[in-house]
Amino acid sequence: ADLSKAKSASDQMLVEIGPRCTLMPMRLFVGAFGGPTLYANPNFVSPNHVRAELRRRTGDKYANKVRARDARRKRQAAPERQIPADELDDVFKD
């Protein structure tokens with residue numbers, strides 16, 4: 001469609017160029033940068049909280065791995081896992 005030759009508003013059409021930009025308001029204040037809050041978004045999660053949660057999960061993963069390693073070492077060193085001395089071990093020794 002040649003947009004430069006459109007004669008009326010009904011002949012014109014809007015073409016979207018590029019990605020859409022959306023804003024998620026966190027808070028709206030009475031003043032420009034302060035004052036009483038008119039609106040607070042209850043679903044807003046700070047990017048800092050998201051990063052901290054991700055770091056905490058990574059730390060938990062490592063802590064679980066260390067706990068599992070320690071538990072495995074403890075199980076392997078338990079007396080019931082040790083092979084008892086064989087009574088007949090020295091029978092054929094000369």
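Author: A salt bridge here is a side-chain nitrogen of Lys or Arg within 4 Å of a carboxyl oxygen of Asp or Glu. By this rule the count comes to 4 salt bridges. The model is a predicted one.

Reader: What makes Glu53 and Arg56 a salt bridge?

Author: The N to O distance between their side chains is 2.5 Å. The limit is 4 Å, so the pair qualifies.

Reader: How do you know that Glu53 and Arg56 are separated by about one helical turn?

Author: Both belong to helix α1 (residues 47–76) and are 3 residues apart, which is why the separation is put at about one turn.

Reader: Why is the contact of Arg57 with Glu53 called a salt bridge?

Author: The closest N and O atoms of Arg57 and Glu53 are 3.4 Å apart. The rule asks for a distance within 4 Å, so this pair is counted. Arg57 and Glu53 are 4 residues apart in helix α1, and therefore about one helical turn separates them.

Reader: What joins Asp60 to Arg56?

Author: A salt bridge, with the closest N and O atoms 2.7 Å apart. Through shared partners, the salt bridges join Glu53, Arg56, Arg57 and Asp60 into one network. Asp60 and Arg56 are 4 residues apart in helix α1, so they too are separated by about one helical turn.

Reader: Why is Arg57 called exposed?

Author: Its relative accessibility is 55%.

Reader: What makes Tyr39 part of a surface patch?

Author: Tyr39 sits in strand β2 (residues 37–40). Its relative accessibility is 36%, so it counts as partly exposed. A patch residue needs over 30%, so Tyr39 passes that cut-off. The nonpolar patch consists of Leu28, Val30, Leu38 and Tyr39, with about 400 Å² of accessible area together.

Reader: How do you know that Met26 touches Tyr39?

Author: Contact means heavy atoms within 4.5 Å. Leaving aside residues up to four places away in sequence, Met26 touches Tyr39, Ala40, Asn41 and Phe44. Met26 and Phe44 are 18 residues apart in sequence, with their C-alpha atoms 6.3 Å apart in space. Met26 lies in the segment before β1 (27–29).

Reader: Is Met26 buried, partly exposed or exposed?

Author: Met26 is partly exposed, because its relative accessibility is 44%.

How values were computed:
Residues numbered from 1 in each chain as written. Predicted model: local features only at pLDDT ≥ 70, side-chain atom pairs only at ≥ 80, totals over all residues. Heavy atoms only, no water. Patch = residues over 30% accessible without salt bridge, like charges linked within 9 Å, V, L, I, M, F, W, Y side chains within 5 Å. Areas by Shrake-Rupley, 256 points an atom, 1.4 Å probe, with all protein chains shown as cover. Helix = DSSP H or I, 4+ residues; strand = E, 2+ residues; numbered from the N terminus. Buried < 20%, exposed > 50% of the residue type's maximum accessible area, 1.4 Å probe, protein only.
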